[in-house]
Amino acid sequence: MGTTTVLRIGDRVISAEEIVPLLAGYQLLPPLIREIIIDEAVATASCTPEEKAQAYQQFLEKNQLIDETAKQAWLKQRGMNPAQLEALAVRSILIEKYKQQTWSHKLESYFLERKGQLDRVIYSLIRTKDPGVAQEIYFRIQEGEESFADLAREYSQGPEAQTGGLIGPVELSVPHPALAQMLRLSQPGQLFPPTRLGEWLLIVRLEKFMPAQLDDSMRQRLLNECFSTWLSEQLNQQLAALD
């Protein structure tokens, strides 16, 4: 039985049997499977003709394809036809619809699960490896002899020395878990005595605590997280099935 030619590039003829090994060899198989998984998922989503038209127009504007000549050149460069262009433009809104349909009703509980990492803090930090120096700095701050910022600039051995020890705002998922726990349980203005973390002794003061809010931007972020997690799981399953 002869092989079926599916692609010719220069002098090379690529058969159907070669496609999958080539995609795998160039690390293009996972992205292809990923997009197919998405297509199968969003097939259940729908949008109105108005939404489709708006998405199509926004895609053209974003890619500077309003001019017909530019559009035809873009299609030719990618080996696509107008129907594929329209499908690509509408795909993004279908993905958003799918996210909403699948996870919007779960966002409140998911937000509560994640809130401990999403809350933000501003804090001051001095780190040193010398126990004697750490204790001296702590007492000088506690007694009000010198400002935290001045002592951080003079003694801190990390990049925070450049900002007078001030760090943030950062989400509580950013600092080391032990440091994050300290900040989570403290009150603004609370000064911690020297605390060992690995090779460092830390002097920490919480400056401001900013609780996360489930506003529109946070909802979109959490929707994206849910979708990405689901997609990674689906992709791993499909790749495992190929082994």
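Two strands pair if DSSP finds at least two bridges between them; strands (E, at least two residues) and helices (H or I, at least four) are DSSP runs numbered from the N terminus. The model is predicted: local features need pLDDT of at least 70, side-chain atom pairs count only at pLDDT 80 or more, and totals for chains, interfaces and linings use all residues. Residues are numbered from 1 along each chain as its sequence is written, and side-chain values use heavy atoms, with hydrogens and water left out.

**Exercise 1.** Determine which strands pair with β6, and in what sense.

*Solution.*
Step 1. Strand β6 covers residues 200-210 and pairs with β3 (residues 120-128) in the antiparallel sense, over nine bridges. Within β6, leucine 202 stands opposite arginine 127.
Step 2. Strand β5 (residues 191-197) also pairs with β6 in the antiparallel sense, over five bridges. Here leucine 201 in β6 is the bridge partner of arginine 196.
Step 3. The hairpin of β5 and β6 has two residues between the strands, and glycine 198 takes a positive phi near 65 degrees there.

**Exercise 2.** Describe how α5 packs with α10.

*Solution.*
Step 1. Axes are lines fitted to C-alpha atoms, for helices over the stretch in contact, and angles run from 0 to 180 degrees between N-to-C directions. For α5 (residues 82-103) and α10 (residues 216-242), the angle is about 90 degrees and the axes are 10 Å apart.
Step 2. Helix α5 is therefore roughly perpendicular to α10 (under 35 degrees counts as roughly parallel, over 145 as roughly antiparallel, 65 to 115 as roughly perpendicular and the rest as oblique).
Step 3. Contact means heavy atoms within 4.5 Å. Among the residues that meet are Ile95, Tyr98 and Trp103 in α5 and Leu223, Phe227 and Trp230 in α10.
Step 4. The residues of this contact of α5 with α10 divide into seven nonpolar, three polar and two charged (Ala, Val, Leu, Ile, Met, Phe, Trp, Tyr, Cys and Pro count as nonpolar, Asp, Glu, Lys and Arg as charged, and the others, Gly among them, as polar).

**Exercise 3.** Characterise the surroundings of glutamate 51.

*Solution.*
Step 1. Glutamate 51 lies in helix α3 (residues 49-62).
Step 2. With a relative accessible area of 22%, glutamate 51 is partly exposed (buried means under 20%, exposed over 50%, partly exposed in between, with a 1.4 Å probe and protein chains only).
Step 3. Not counting residues up to four places away in sequence, glutamate 51 touches Ile93 and Lys97.
Step 4. A polar atom of the glutamate 51 side chain lies 2.9 Å from the backbone nitrogen of threonine 48.

Note on methods. Polar contact = N/O pair within 3.5 Å; in protein donor to acceptor, adjacent residues only side chain to side chain.
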